[in-house]
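Thanks for making time this morning; I would like to walk through one structure with you, taking a helix, its neighbour and then a single strand residue in turn. Please have the view open while I talk.

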Amino acid sequence: MTAMARTRRAGADPAEAPSLGTFGRYAGPATLILSSLADGAKHGYALTKDIETFAGIRLAPGTLYEALSRLESQGLIEAVPSEDRKRPYKLTPVGAAALRAHLDTQRRTAEVGLRRLAGNWGTA
């Protein structure tokens, strides 16, 4: 299936959202970007600053824009019309569904890890 066909298909039904796991090394930046956009539309610099504030991570411009391109091609985000040079993006319903599923998986993984640490290493 071509990327365009996946985008059309993914855009049709949020339940068929692509998994962020398919992003390989971009899964981390994708999670950060989608989490930032869950709060509203933002352009690149605003995304960088927001992610730095809530996650303590500064995405390099190349990483940010490559991830934005991938997310847009999958239909997880879309560009919003703008009056100036800045190109804001917003989360799509498919993107929200993919983010929710991904964060639910991460939460379960974190809970298991924390429970195992507490059982074998005590609480810190």
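This is a predicted model: local features need pLDDT of at least 70, side-chain atom pairs count only at pLDDT 80 or more; totals for chains, interfaces and linings use all residues.

Which residues of α3 are buried? They are Gly 44, Leu 47, Thr 48 and Ile 51, and, looking down the axis of α3, you will find them within an arc of 100 degrees, which means that they line one face of the helix. On the other side of α3, Tyr 45 and Thr 53 are exposed, while the cover over the buried residues includes α2 and α4, the latter being residues 61–73. Just after α3 comes Gly 56, with a positive phi of about 70 degrees.

Now to the neighbour, α2, residues 27–37, whose axis comes within 10 Å of that of α3 and crosses it at roughly 100 degrees; the two helices are therefore roughly perpendicular to each other. On the α2 side the contact is made by Leu 32, Ile 33, Ser 35, Ser 36 and Leu 37, and on the α3 side by Leu 47, Asp 50, Ile 51, Phe 54 and Ala 55, which by class gives seven nonpolar, two polar and one charged residues.

Finally, Leu 91 sits in strand β2, residues 89–91, and counts as buried because its relative accessibility is 19%, the cut-off being under 20%. Setting aside residues up to four places away in sequence, Leu 91 touches Leu 34, Leu 37, Ala 38, Leu 76, Ile 77 and Ala 96. Leu 91 and Ser 35 are 56 residues apart in sequence, yet 9.0 Å apart in space, C-alpha to C-alpha.

Note on methods: Residues are numbered from 1 along each chain as its sequence is written. Side-chain values use heavy atoms; hydrogens and water are left out. Helices (H or I, at least four residues) and strands (E, at least two) are DSSP runs, numbered from the N terminus. Buried means under 20% relative accessible area, exposed over 50%, partly exposed in between (1.4 Å probe, protein chains only). Contact means heavy atoms within 4.5 Å. Axes are lines fitted to C-alpha atoms, for helices over the stretch in contact, and angles run from 0 to 180 degrees between N-to-C directions. Angles under 35 degrees count as roughly parallel, over 145 as roughly antiparallel, 65 to 115 as roughly perpendicular and the rest as oblique. Ala, Val, Leu, Ile, Met, Phe, Trp, Tyr, Cys and Pro count as nonpolar, Asp, Glu, Lys and Arg as charged, and the others, Gly among them, as polar. The arc is that of the directions from the helix axis to the C-beta atoms.
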